[in-house]
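Please keep the structure in view while working through the numbered points.

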Amino acid sequence: MRGWRGPPTPALPTRVRETRVGAKRGKVFWFFSSEKNFFVVFRLLLEISSLEAGYGSVQVLWGVDLQMSPGIACLIGANGVGKTTLLRTLSGLLPARAGTIRFCGESLEALRADEILARGVAHVPEGRRLFASLSVEDNLLMGAYQTRSGAKRGLARAYDLFPRLKERRRQDAATLSGGEQQMCAIARGLMSEPRLLLIDELSLGLAPRLVDELAASLRGLPTLGTSVLLVEQDVATALDLAAEGFVLDRGVVTLSGPASALATDARVREAYLGI
Amino acid sequence: MSAVLEVRGLSVRFAGLQALSEVSVVAAAGEVLGLIGPNGAGNTTFINAVSGAVKSRGRVEFEGRDISGLPPYRVARLGLARTYQIVQPFPAMTVLDNVAAGALFCGEGLSLAQARARAEGVLERVGMAAVARVPAASLTLAQRKRLEVAKGLAARPRMLLLDEVNAGLNSTEIEGALALIRSIAAEGITVLLVEHLMKVVSGLCDRVVVLHHGRLIADGTPGDVLADAAVVEAYLGRRYAERAGV
């Protein structure tokens, strides 16, 4: 097991009743209490073992093992190695064929997508997938359909993070520019106040300056209690943003570690940074 | 070099939003012209207006012929093909038939067999022969974007408008994409590409124009344009400028 890097931060509060499983397995590291609640921080947010998945006769994931700490992590790899498939399996859009997914000590692999969302894993799909003909605000509200009470707070947070969306909140989502659509998709993912946000291709189709702005917004998420697992082709940006990284190659994780170490790894530089 | 595409004073208005105002761009024969700008600046709208997919004011000439106001299928049949940023292949059809559809409706009156034969050749060329017989639905996003290029090429155009066809490729994969677009240009097909990957823009384009809030703010070689203070401010951001040492 790898050691925790850095001091404990009050990220990812989970109620104490959920910790029993983790505590039994020795995965809980810190307990601390605020005025009302008793919190616990998991050393490992996400633990994937021997995960297999695919489509029909095509198997894509061939036993993925991955351990993610709270914070921001990135998943890198060439096109077609299974990055999107892994995210889809994590969020329950695709059933796992074998293996286990433990999230904050709970098993996810047999749950439906809505049950996984209820446990705090939200997915921002590749290609945005907004509801055309719904307004921006209605798209955002769709992201909070499981928590009526949190919707108002979620909207305030979304508009705070992306003021552009507030300007356009009554507009049909289909009329947004590509960058605004990406903002809307990320904001929609955040509406359920997830503990883990899966983002597939953050920078796709975005101007360099906007990528920087989005990255800056994401940086603050862990302190708000949301960790991020990011799939990103702009490997330099991804490794800059993330604390840890995983390299996926033909359906298995071939390399993992602190992002700063991956950024200087000769194999990563040659294969993904083109250096 | 003579102008293949000549756009004068192109303006597009969506309800309350002026998406393009008085944009003039000329593309010379055989040129690779980059079109960049912040998201929402009007990049895609420019391609839509030129290809007839949205209504516009102003004048668009292709090979000396006024094509302003023509519907998209007529523009395509004149030899001006385009790709779409939001890719929508026919998901249940094979990749081959998706490309054959591009050849079938380009106005040459090909038979299905001829169109498929041409599609084979195009797929070979763009490096997708291995997936020719799988349904388009099973492609990754980057492959779908490449499929858009293939569909465009199947129409045997003399000019190709590419809307972010390299999005989703990592630095290493971009090299292959650059080679493909270079080979298209080497055939004499004029290329206009909307792109956010600066590696593509600087590595490929002969000239770059920049849109911001629907207006043209720069026009020049990639080196000059990417160092332009207004472009850095509006589009690249300071971090890029610092990394690139501008």
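1. What share of the contacts in chain A with a separation of 6 or more comes from residues 24 or more positions apart? The share is 67%, where two residues are in contact if their C-beta atoms, placed from the backbone, lie within 7 Å.

2. This is a predicted model, in which local features need pLDDT of at least 70 and side-chain atom pairs count only at pLDDT 80 or more, while totals for chains, interfaces and linings use all residues. Residues are numbered from 1 along each chain as its sequence is written, and chains are lettered from A and ligands numbered from 1 in the order in which they are written.

3. Chain A contains 11 helices and 13 strands; these are DSSP runs numbered from the N terminus, helices being H or I of at least four residues and strands E of at least two. Of the 275 residues in chain A, 51% are buried, that is, 20 or more other C-beta atoms lie within 10 Å of their own, again with C-beta atoms placed from the backbone.

4. Chain B is assigned domain 1 (1–79 + 158–246) and domain 2 (84–156), with bounds from an automatic or database domain assignment. The C-alpha centres of these two domains of chain B are 23 Å apart.

5. Between the domains of chain B, 13 residues of domain 1 are in contact with 13 residues of domain 2. On the domain 1 side, α2 (72–77), β7 (159–163) and α6 (171–186) of chain B each supply at least two residues, and β7(B) gives the most, with 3 residues. This side has 7 nonpolar, 3 polar and 3 charged residues; Ala, Val, Leu, Ile, Met, Phe, Trp, Tyr, Cys and Pro count as nonpolar, Asp, Glu, Lys and Arg as charged, and the others, Gly among them, as polar.

6. The contact between the chains takes 25 residues from chain B and 26 residues from chain A. On the chain B side, α5 (141–154), α6 and α9 (229–244) each give two or more residues, and α9(B) has the largest share, 5 residues. The classes on this side are 10 nonpolar, 11 polar and 4 charged.

7. Within chain B, helix α3 (residues 95–104) packs against helix α4 (residues 112–126) at an angle of about 115 degrees, with axes 8 Å apart. Axes are lines fitted to C-alpha atoms, for helices over the stretch in contact, and angles run from 0 to 180 degrees between N-to-C directions. The contact of α3(B) with α4(B) has 11 nonpolar, no polar and 3 charged residues.

Terms used
Buried ≥ 20, exposed ≤ 12 C-beta atoms within 10 Å, placed from the backbone.
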